[in-house]
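Here's a quick tour of a protein model, written for someone meeting it for the first time. Keep the 3D view open and click along as you read.

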Amino acid sequence: MVYTCLGPTSFFFFNPSYLTFTIHSSSSSSSMASFHSPNRHRRCYSNPNLPTDPQPALLVFSGGTAFNGVVEELKNFTTRVAHVLPVSDDGGSTAEIVRVLGGPAVGDIRSRCLRLSDQSTAEALAVRNLLGHRLPFDPLQAKSEWYSIVEGDHFLWEGVSKPYRETIRAFLVYFQNQILRRSEESFCFSNGSIGNFFFAGARIFFQSLDAAIFLFSRVSDIPPDSLVLPVISTNDRLTLGCELWDGTVIRGQNEISHPTSGTMEPVNKESFSAPSLPSKIKRVFYMSSEGKKLLHEVFPSPNAAVLEQLNSVDCIVYAMGSLFTSVCPSLVLLGIGEIISSRSCLKVLMLNGTHDRETNGFLASSFVTAITDALNRTYGDPSNRLHNPPSQYINTLLVPRNSAIPVDVDCLAAQGIFDVIVVDSLCDTKVGIIYDPKSLIRALADLIDRYMKTRVNGLIDTT
């Protein structure tokens, strides 16, 4: 289905002589068909008339939940992906680790590493099952099972060879030792993630978050050209804060998005599972108590590896998920907006299929405005503000079919965004409308192929 109205066109989709606004509809029953390859790392969505090597390079800003559902399908298209994730998750077992041992939150990073991990052999699956395992909710049962795993006699070790077993167990034992050394704190293992415990042990041992990610990536056999990057490389504890338009300040990622009555209560991320915010979110920012007794706003530097990737990738993606607590925390850092606005590459926003506590009442243009404000640091320190228009940060919008988010095309056009692609969707019983993974990655692949072809043609025309 195609809708048109007057307006300028995208620089890579159409002949500039036409003045049209177009919503493209991608259907899995036609152009959205997927292809299967015996090599799971082969680029299998590309146009057969175009070269398949090298694979396109992407950078994805996301959290640790929503985008996980399409990671497997993305690996079939390209493994050259830099996954940029926040380090401010403060729910579940992550919160307990941070409470007792300090340091950054690793839950989202661990979750993405597991999704990227190898599943091609029995041992790879055994390692994935071990690191993806969660302990029971009952504290006593959880503690008993944890000791069984640490001592090496739990059934989860079956199928894990001696080199892997000794490596993984060494860091689990080190994690346990660190807990015992904090005798003033009683650690609760309820619903604890073994992967989080391994990650925390490695980070504390190496005193480096990057080193812990490297070790986890090798143990779980992530494709070597796939990067999992914390947006901030730090050993300090960081807290996400937000300021509402009514002046209210909320501290803590989960208090913003999915408030619970206790730190170990499982987070319910279903749509509208939490009461609405008293006012819309104005900005998000980082807080820390390092060096002071009280939480105060801080301005951490972004991971240099993230800036390096931003300067070279073919496509920048703002993934679906929690807008203000998963995506925006990676955008408000000094240097991120500067680089993105300077690039002429594809810049794609994957619109959510449903509203949540953070975006209740939002239109599609509201998402664009929030991302623009975060990258421009509009409501932060005046000396660090940018004044770039939305079109310098986003040039394409992907929308799941039947999305509950109204697509206000006139406002998008006023923002300089004229390419909106409708993608096949699924209805999830818990969260509502979500992207069909195959359709989403096919649409992204078509976008990139068309852009790459246009860029090659442009180079030919100038020679």
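Let's start with Glu185, which is partly exposed, with a relative accessible area of 29%. Keep in mind that you're looking at a predicted model. The side chain of Glu185 pairs up with that of Arg99 in a salt bridge, at 2.8 Å from N to O. Glu185 sits in the loop between helix 6 (162–181) and helix 7 (194–206), while Arg99 belongs to helix 2 (residues 92–101), so this pair ties together parts that are 86 residues apart in sequence. Arg99 is partly exposed as well, at a relative accessible area of 36%.

**Other salt bridges**

- How many salt bridges does a search of the whole structure find? It turns up 11.
- Another one to click on joins the side chains of Arg128 and Glu72, at 3.7 Å from N to O. Here Arg128 is part of helix 4 (residues 122–131) and Glu72 part of helix 1 (residues 68–77), so the bridge ties together parts that are 56 residues apart in sequence.
- Is Arg128 buried or exposed? With a relative accessible area of 18%, Arg128 is buried, because the cut-off for buried is under 20%.
- Glu338 counts as partly exposed at 30% relative accessibility, whereas Arg377 is buried at 9%.
- Salt bridges can share partners, too: that's how Glu72, Lys75 and Arg128 end up joined into one network.

**The second largest pocket**

- This pocket has a volume of about 510 Å³.
- Its lining is made up of 30 residues, and those nearest the centre are Arg283, Val284, Val332, Ala374 and Arg377.
- Which elements give two or more residues to the lining? They are strand 8 (281–288), strand 9 (296–298), helix 11 (323–331) and helix 13.
- Strand 8 supplies the largest share of the lining, with 6 residues.
- Sorted by class, the lining has 17 nonpolar, 6 polar and 7 charged residues.

- Helix 7 has 13 residues and spans 18 Å from its first C-alpha to its last, close to the 18 Å expected at 1.5 Å a residue.
- Why is helix 7 described as largely enclosed by the rest of the structure? Because 11 of its 13 residues are buried.
- Among the buried residues of helix 7 are Phe197, Phe198 and Phe199, along with Gly195, Asn196 and Arg203.
- Helix 3 (residues 107–116) is also largely enclosed by the rest of the structure, because 9 of its 10 residues are buried.
- The buried residues of helix 3 include Asp108, Arg110 and Arg112, as well as Ile109, Cys113, Leu114 and Leu116.

- His133 has its place in the loop between helix 4 and helix 5 (139–150). At 18% relative accessibility, His133 counts as buried.
- The side chain of His133 makes a polar contact of 2.9 Å with the side chain of Glu145.
- Thr396 is found in strand 12 (residues 396–400), and its relative accessible area of 0% makes it buried.
- A polar contact of 3.3 Å joins Thr396 to Asn395, side chain to side chain.
- Thr369 is part of helix 13. Is it buried or partly exposed? Thr369 is partly exposed, at a relative accessible area of 35%.
- Where sequence and space are concerned, take Thr369 and Gln415: they are 46 residues apart in sequence, and their C-alpha atoms are 8.6 Å apart in space.

Notes:
Residues numbered from 1 in each chain as written. Predicted model: local features only at pLDDT ≥ 70, side-chain atom pairs only at ≥ 80, totals over all residues. Heavy atoms only, no water. Helix = DSSP H or I, 4+ residues; strand = E, 2+ residues; numbered from the N terminus. Buried < 20%, exposed > 50% of the residue type's maximum accessible area, 1.4 Å probe, protein only. Polar contact = N/O pair within 3.5 Å; in protein donor to acceptor, adjacent residues only side chain to side chain. Salt bridge = Lys/Arg side-chain N within 4 Å of Asp/Glu carboxyl O. 1 Å grid on protein atoms, 1.4 Å probe; cavity = no way out; pocket = protein on both sides within 12 Å on 5 of 7 lines; lining within 4 Å. Points joined across faces, edges and corners; volume = space filled by probe spheres on them. Nonpolar A, V, L, I, M, F, W, Y, C, P; charged D, E, K, R; others polar. Expected span 1.5 Å × (residues − 1).
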